[in-house]
Structure formats: structure tokens, C-alpha cells
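Take a look at the model below. We will go through its aromatic rings and then a pair of helices.

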Amino acid sequence: MNPAFSYYRLRLVAYLQDHFPEKSGDHSFIQERADTAAEAYSNAVRTGYSHNQAEEIASRTLFEGLHFSPHDTLVEVLWNEFADIVPYSYATTLAVNLLPLAQPIFDRYALSDNFAFTAEYELLYTELTGFILQIAEEHGIQ
């Protein structure tokens with residue numbers, strides 16, 4: 001196994017576990033993305049980029065499309081809007097459980113790396129707040 005490949009795979013798995021837990025078990029996605037990042041690094045070095053520049057290129061490749069996290073957005077809503085009923089330490093676990101239920105809400109938006117900086121983000125945030133409130137009222141938060 002190529003050490004650079006392993007390095008990118010490990011970086012991606014760690015990132016996905018924290019920000020995209022629903023993707024952390026997608027071995028083919030991880031393998032493909034890590035291979036692409038390792039190839040981008042090698043190509044950059046071969047074409048004359050410094051190792052630091054090549055690493056920056058590989059990192060952009062590795063994390064492309066993964067800067068906006070639905071999981072992190074749910075955690076943010078739980079921390080900001082439901083801190084009185086959801087302990088801070090439980091928000092990440094609860095977000096993992098809520099994500100499949102909230103996926104239809106996320107699907108209505110064109111999510112991108114810069115989505116958090118758009119006007120639509122506020123609409124999504126408000127919609128998620130209402131969704132979680134409805135879940136809490138109907139089923140409680142567990």
C-alpha cells in the first residue's frame with residue numbers, strides 16, 4: 001500500500017467520522033477519493049510544485065464537496081436552539097439519529113461547499129429548527 005494513499009485515506013476517514021458519519025463506512029467512496037488525492041499530489045510534485053503546494057492541491061481534492069455538513073448543521077441547530085433540552089455532549093449522537101429523518105429537508109436545497117454562506121442557509125436552519133421542535137413535541141428527544 002502506498003504511504004501517501006494510506007495517509008489520505010486515514011485523513012478522510014477521520015474527517016468523515018466527525019462531519020459526515022453517514023459516509024464514514026462508504027469504503028468505495030473513501031478509496032476513490034483517497035486515490036484521487038494521492039494522484040493529485042504525485043502529479044503536482046511531478047510538474048514542479050513544492051511539497052507544500054502539492055499537499056494543498058491534494059487536500060482540496062480530498063475534501064471537495066465535503067465542506068458543508070448536514071450533520072454539523074443539525075448539531076449547530078441542537079446546540080443553539082435546543083440547549084435547554086439536549087445536553088451539549090448528546091447533540092452529535094442525536095444528530096446522527098436525526099439525519100436520516102431530516103434528509104428530505106436537506107434534499108430540497110442545492111448543498112455546496114459554500115452553502116453556509118448563502119441566504120438559503122437561513123431557510124434551511126429555520127426549517128430544521130421546526131423539524132426538531134416537531135420531533136421533540138411528538139416523540140420527545142431521546
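Which residues do ring pairs link into a cluster? They are Phe68, Tyr109, Phe115, Tyr121 and Tyr125. Rings of Phe, Tyr and Trp (its six-membered ring) pair if their centres lie within 6.5 Å.

This is a predicted model, where local features need pLDDT of at least 70, side-chain atom pairs count only at pLDDT 80 or more, and totals for chains, interfaces and linings use all residues. Residues are numbered from 1 along each chain as its sequence is written, and side-chain values use heavy atoms, with hydrogens and water left out.

The whole structure holds ten aromatic pairs. In one of them, the ring centres of Tyr15 and Phe20 are 6.4 Å apart and the planes stand at 35°, so this pair is tilted. Planes under 30 degrees apart count as stacked, over 60 as edge-to-face and the rest as tilted. Phe20 is buried, with a relative accessible area of 3%; buried means under 20% (1.4 Å probe, protein chains only). Tyr109 and Phe115 have ring centres 5.9 Å apart and planes at 65°, so they pair edge-to-face. Both Tyr109 and Phe115 are buried.

Now turn to the helices (DSSP runs of H or I, at least four residues, numbered from the N terminus). H2 spans residues 27–46 and H3 residues 51–63. Their axes, lines fitted to C-alpha atoms over the stretch in contact, come within 8 Å and cross at roughly 155°. That makes H2 roughly antiparallel to H3, a label for angles over 145 degrees. Contact means heavy atoms within 4.5 Å. Among the residues that meet are Ala37 and Tyr41 in H2, and Ala54 and Ile57 in H3.

Methods. Axes are lines fitted to C-alpha atoms, for helices over the stretch in contact, and angles run from 0 to 180 degrees between N-to-C directions. Helices (H or I, at least four residues) and strands (E, at least two) are DSSP runs, numbered from the N terminus. Angles under 35 degrees count as roughly parallel, over 145 as roughly antiparallel, 65 to 115 as roughly perpendicular and the rest as oblique. Buried means under 20% relative accessible area, exposed over 50%, partly exposed in between (1.4 Å probe, protein chains only).
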